[in-house]
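Please have the sequence and the structure open.

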Amino acid sequence: MDDADVHPLLSAYMQRREDLVRYFRVRLRSDEAAEDLVQDIYLKIADRPPEAIDNPAAYLYRLGTNLMLDRIKVRRRAEARDAQWHGANVSDVGGAQIADEAPADEAAAARLQLSRILEAVKALPPAAQQAFRLHKLEGLSHAQTAQAMGVSRSSVEKYMMASLKLIVAKVGRWP
């Protein structure tokens with residue numbers, strides 16, 4: 001592979017991944033949230049065509065900051081909506097009891113999406129399946145997953161990148 005084939009953003013990402021995690025860990029006050037955000041940065045740049053960017057590192061930090069701010073806005077809107085909903089007077093909705101369940105069509109769509117994701121996960125190599133299960137389903141951090149699997153943290157990160165790329169390719173993005 002010559003220098004013309006190297007994706008500048010992916011190269012910058014791989015060189016600065018740990019710095020990005022540390023940077024966002026401080027801002028988000030959570031190892032897991034920082035890991036997820038940095039993984040989202042990867043997903044955003046992985047499919048981009050290689051292009052000349054004057055300062056790839058600055059681009060990655062700006063992209064991560066924008067993603068972080070978007071998450072905060074979405075969370076605040078959801079919290080406000082939930083607070084409004086839960087604070088509503090029962091008589092405002094005809095005296096009926098309000099269920100905290102998703103509508104049936106949304107629940108069915110979510111179950112279908114989950115089954116597609118699980119099918120895509122089954123197509124992964126065993127080590128990638130285990131890393132995905134431990135990190136995404138059981139909520140372990142990359143370091144905890146590496147320790148549980150007896151591999152390096154770098155291996156877990158590679159498993160996760162490959163897993164997410166395959167899942168997105170087979171299932172598409174999910175909210």
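## Helix packing

Helix H1 (residues 8-28) and H7 have axes that come within 13 Å and cross at roughly 95°. The model is a predicted one. H1 and H7 are therefore roughly perpendicular to each other, since angles of 65 to 115 degrees count as such. On the H1 side, the contact is made by Tyr13, Met14, Arg17, Glu18, Val21 and Arg25. H7 contributes Arg153, Glu157 and Met161. By class, these residues of H1 and H7 are four nonpolar, no polar and five charged.

The second pair is H5 and H6. The axes of helix H5 (residues 126-137) and helix H6 (residues 142-149) come within 9 Å, crossing at roughly 135°. H5 and H6 are therefore oblique to each other. The crossing of H5 past H6 is right-handed. H5 makes the contact through Ala127, Gln130, Ala131, Leu134 and His135. The contact of H5 with H6 holds five nonpolar, four polar and no charged residues.

| Helix pair | Axes come within | Crossing angle |
|---|---|---|
| H1 and H7 | 13 Å | roughly 95° |
| H5 and H6 | 9 Å | roughly 135° |

## Ser163

Ser163 is found in helix H7 (residues 153-171). Is Ser163 buried or exposed? Ser163 has a relative accessible area of 0% and is therefore buried. The cut-off for buried is under 20%. The Ser163 side chain reaches the backbone oxygen of Tyr159 at 2.7 Å. Beyond its neighbours within four places in sequence, Ser163 is in contact with Leu124, Ala128 and Phe132.

Methods. Residues numbered from 1 in each chain as written. Predicted model: local features only at pLDDT ≥ 70, side-chain atom pairs only at ≥ 80, totals over all residues. Heavy atoms only, no water. Helix = DSSP H or I, 4+ residues; strand = E, 2+ residues; numbered from the N terminus. Buried < 20%, exposed > 50% of the residue type's maximum accessible area, 1.4 Å probe, protein only. Polar contact = N/O pair within 3.5 Å; in protein donor to acceptor, adjacent residues only side chain to side chain. Contact = heavy atoms within 4.5 Å. Axes fitted to C-alpha atoms, helices over the stretch in contact; angles between N-to-C directions. Parallel < 35°, antiparallel > 145°, perpendicular 65-115°, else oblique. Left-handed = near helix turned anticlockwise from the far one by under 90°. Nonpolar A, V, L, I, M, F, W, Y, C, P; charged D, E, K, R; others polar.
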